[in-house]
Amino acid sequence: MKIMRKIIEINEELCNGCGQCVISCAEGAIAIIDGKARLVSERYCDGLGACLGECPTGALQVVEREAEDFDEQAAHEHVKAMQEREKAQTMACGCPSTQIRQFGPASMSPCDLANRPVQQSASQSCLTHWPVQISLIPPSAPFLKSANLLVAADCVPVAYSAFHANLLRGKTVMLGCPKFDDAEDYVQRFAQIFKSAGIQSITMAIMEVPCCSAMGVILKKAMELAGVDIPVKKVVITARGDAQGL
């Protein structure tokens with residue numbers, strides 16, 4: 001039944017799809033669909049406006065209009081269903097992409113070692129583990145223990161040619177897209193990692209586009225949930241491949 005009440009309204013022209021409002025909505029009323037924030041269902045929105053302060057472009061406002069009444073129980077079940085669906089999709093598939101692997105240095109003869117260049121060539125990979133996607137890495141993965149994390153947006157390795165040499169070397173990488181992936185799942189996953197893995201430091205590598213800024217919000221909220229304070233170094237990559245903050 002529709003009643004006159006307060007509810008969130010989203011200006012799609014102002015929305016840049018950063019997803020920060022998704023993280024702040026505990027009822028799961030907002031989702032990023034086709035690159036824009038959209039109201040999933042009127043009955044999931046309580047109209048309190050907890051998401052307003054998180055929007056960097058002012059695309060959100062609380063209005064009073066006819067809408068379905070807020071259903072707290074339905075919102076709770078919706079959030080629970082989303083969490084269960086995400087868990088099943090990411091870890092229960094049994095596909096090879098979820099198999100945890102750690103890579104040691106290749107076996108080399110004494111002669112090979114003697115003739116090896118001191119400077120690592122750009123063609124050599126610095127990757128030490130698998131998987132690398134945030135949504136596929138379980139918080140219990142052994143390579144996370146006491147790691148120096150590199151949390152990078154998906155576009156960064158493509159845009160930045162020196163990704164391996166200047167960013168990945170000596171770090172455990174976790175890749176993801178803060179615009180199109182599930183931001184709340186990222187918050188919960190990182191919170192679990194921060195609670196149990198003893199992370200030493202975080203290098204956050206993002207693109208210069210506005211939607212990438214949500215990665216910083218995700219990491220901040222995860223640290224708050226975990227009750228930890230981990231030093232974060234921010235590196236921004238331009239669309240032309242230049243690095244700022246190294």
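Modeller: One term to begin with: a contact means heavy atoms within 4.5 Å. This is a predicted model, where local features need pLDDT of at least 70, side-chain atom pairs count only at pLDDT 80 or more, and totals for chains, interfaces and linings use all residues. Residues are numbered from 1 along each chain as its sequence is written, and side-chain values use heavy atoms, with hydrogens and water left out.

Colleague: So what share of the contacts join residues at least 24 apart?
Modeller: Among contacts between residues at least 6 apart in sequence, that share is 74%.

Colleague: And how many helices and strands are there?
Modeller: The protein has seven helices and 11 strands. Helices (H or I, at least four residues) and strands (E, at least two) are DSSP runs, numbered from the N terminus.

Colleague: What is the strand order in the open sheet of five?
Modeller: The order is β8-β7-β9-β10-β11, and the pairing is mixed. Two strands pair if DSSP finds at least two bridges between them. At the edges sit β8 (172–176) and β11 (243–244), each pairing on one side only.

Colleague: Which way do β7 and β9 run?
Modeller: Strands β7 (residues 148–153) and β9 (residues 201–207) run parallel, joined by five bridges. As an example, Leu150 has Thr203 in β9 as its bridge partner.

Colleague: Which strands does helix α6 touch?
Modeller: Helix α6 (residues 183–196) packs on the sheet and touches β7, β8 and β9, with its direction at about 165° to that of β8. Helix α7 (residues 214–226) lies across β7, β8, β9 and β10 (232–237), at about 155° to β9. For those angles, axes are lines fitted to C-alpha atoms, for helices over the stretch in contact, and angles run from 0 to 180 degrees between N-to-C directions.

Colleague: What about the inside: how many residues are in the largest nonpolar core?
Modeller: That core has 48 residues, and Phe190 and Phe194 are among those with the most contacts inside it. A nonpolar core is a set of buried Ala, Val, Leu, Ile, Met, Phe, Trp, Tyr and Cys residues joined through side-chain atoms within 4.5 Å. Buried means under 20% relative accessible area, exposed over 50%, and partly exposed in between (1.4 Å probe, protein chains only).

Colleague: And what does Phe194 touch?
Modeller: Not counting residues up to four places away in sequence, its neighbours include Leu149, Ile202, Leu219 and Met223. Apart from that core lies another, of 20 residues, with Ala37 and Tyr44 among them.

Colleague: Changing topic, how many salt bridges does the search find?
Modeller: It finds four in the whole structure. A salt bridge is a side-chain nitrogen of Lys or Arg within 4 Å of a carboxyl oxygen of Asp or Glu. One of them joins Glu12 and Arg38 (2.3 Å, N to O). Glu12 is in the loop between β1 (2–10) and α1 (20–24) and Arg38 is in strand β3, 26 residues apart.

Colleague: Is Glu42, in another pair, buried or exposed?
Modeller: Glu42 is buried, at 16% relative accessible area, whereas Arg65 is partly exposed at 27%. Their side chains meet in a salt bridge (2.9 Å, N to O).

Colleague: Where do Arg189 and Asp185 lie?
Modeller: Both are in helix α6, four residues apart, about one turn of the helix. Arg189 counts as buried at 10% relative accessibility, and Asp185 counts as buried at 17%.
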